[in-house]
Amino acid sequence: MGNVYLITGASSDVGCALIERLYAEGDLFIAQGAGDLSGLAAVCKAHPGAVRTYDVDLTSEKALEAFICDVKATCPAPTHFVHLPALRVVNAKFKNFDEARFELDLSVQVRSAVALCKAFLPAMAKAKKGRVLFMLTSYLLGLPPKNTAAYIMAKSALSGLAKSLAADYAPFGVTVNCVAPSMMETKFLADTSDLIVQASAEANPMGRNARPADVVPAMAFLLGGEAGFITGVTLPITGGSAL
């Protein structure tokens, strides 16, 4: 048996690209998405039997509990956990802060990460090896854009969780790291104004926004054997911006 990757948000552009990058014969990918798993169709076809998909609404505590129970009952213990999901960024002035939507994003990004780490990190610690990787944002590296308080708060909580877990699990050979890309041109930007996307590209020292192909290799490195002495870090992937 190869590695067992638990990837939440796997149906995203980054998730699908990461599966393609990581795949080796004998590996198993436990791939969670919510609502639309069509993005995973190509990797499932390319690697028959290696990708097990789950449609799980991470805003539902019951759905998350059922997911965890099924993975524990039917899959080998994950050796790697990659946490990618987030609700799309909504630019809104703070006076219009949407508490209900913020609670949903906290469930998707933070509460689900806590529950999944609580469920699966003890087995990694017992095995004396494991890799955990969270998706953050370069917005945490300096002054963030205006009108993004909800997104920044959720990502900041996830960053704090990663640092704490890194300290707790380092003695057991389990690493916990994060990547922090600048704006990445994926379907995640569907609700973002083209003017904002273009302005971000023009402001970047490399004259463009990030792409999954820029981010996935760094993620694969942090998930690999050569990164065994790297933990508790957030790796900027920004083309020179946010420095």
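# Briefing: helix packing, backbone and cysteines

G173 counts as partly exposed, at 32% relative accessibility (buried means under 20% relative accessible area, exposed over 50%, and partly exposed in between, with a 1.4 Å probe and protein chains only). The model is predicted: local features need pLDDT of at least 70 and side-chain atom pairs count only at pLDDT 80 or more, whereas totals for chains, interfaces and linings use all residues. Residues are numbered from 1 along each chain as its sequence is written, and side-chain values use heavy atoms, with hydrogens and water left out.

- G173 belongs to the loop between helix 5 and strand 6 (helices are DSSP runs of H or I with at least four residues, strands are DSSP runs of E with at least two, and both are numbered from the N terminus).
- Leaving aside residues up to four places away in sequence, G173 touches K128, K129, G130 and R131 (contact means heavy atoms within 4.5 Å).
- The C-alpha atoms of G173 and G228 are separated by 7.5 Å, although these residues are 55 residues apart along the chain.
- V176 is part of strand 6, which spans residues 174-181.
- V176 is buried, because its relative accessibility is 0%.
- With residues up to four places away in sequence not counted, V176 touches V132, A162, L165, A166, T231, G232 and V233.
- Between the C-alpha atoms of V176 and F134 there are 8.0 Å, while 42 residues separate the two along the chain.

**Helix 4 with helix 5**

- Two packed helices are described by the angle between their axes and the distance between the axes.
- The axes of helix 4 and helix 5 cross at roughly 10° and come within 9 Å (axes are lines fitted to C-alpha atoms, for helices over the stretch in contact, and angles run from 0 to 180 degrees between N-to-C directions).
- Helix 4 and helix 5 are therefore roughly parallel to each other (angles under 35 degrees count as roughly parallel, over 145 as roughly antiparallel, 65 to 115 as roughly perpendicular and the rest as oblique).
- Helix 4 contributes F102, D105, L106, Q109, V110, A113, V114, C117, L121, P122 and A125 to the contact, and helix 5 contributes A150, Y151, M153, A154, K155, A157, L158, L161, L165 and Y169.
- This contact has 18 nonpolar, one polar and two charged residues (Ala, Val, Leu, Ile, Met, Phe, Trp, Tyr, Cys and Pro count as nonpolar, Asp, Glu, Lys and Arg as charged, and the others, Gly among them, as polar).

**Helix 3 with helix 4**

- Helix 3 (residues 61-74) packs against helix 4 (residues 99-127) at an angle of about 25°, and their axes are 11 Å apart.
- Helix 3 is therefore roughly parallel to helix 4.
- The crossing of helix 3 past helix 4 is right-handed (a crossing is left-handed if the near helix is turned anticlockwise from the far one by less than a right angle, and right-handed if clockwise).
- L64, F67, I68, V71 and K72 of helix 3 meet S112, A115, L116, A119 and F120 of helix 4 in this contact.
- By class, the contact of helix 3 with helix 4 comprises eight nonpolar residues, one polar and one charged.

**Helix 1 with helix 7**

- Helix 1 (residues 13-22) and helix 7 (residues 212-223) have axes that come within 9 Å and cross at roughly 55°.
- The two helices, helix 1 and helix 7, are therefore oblique to each other.
- Helix 1 and helix 7 form a right-handed crossing.
- D13, V14, A17, L18, R21 and L22 of helix 1 make the contact with P212, V216, P217, M219, A220 and L223 of helix 7.
- The contact of helix 1 with helix 7 holds 10 nonpolar residues, no polar residues and two charged ones.

- Most residues other than glycine have a negative phi.
- K128, which is not a glycine, has a positive phi of about 65°.
- K128 sits in the loop between helix 4 and strand 5 (130-135), and K128 is exposed, at a relative accessible area of 52%.
- N147, also a residue other than glycine, has a positive phi near 65°.
- The loop between strand 5 and helix 5 (149-169) contains N147, and N147 is partly exposed, with a relative accessible area of 34%.

**Cysteines**

- The count of disulfides is zero (a disulfide is a pair of cysteine sulfur atoms within 2.5 Å).
- C44 is in no disulfide, and the nearest cysteine sulfur, that of C16, lies 8.4 Å away.
- C44 is partly exposed, because its relative accessibility is 27%.
- For C75, the closest cysteine sulfur is in C69, at 12 Å, which is too far for a bond.
- C75 counts as buried, at 11% relative accessibility.
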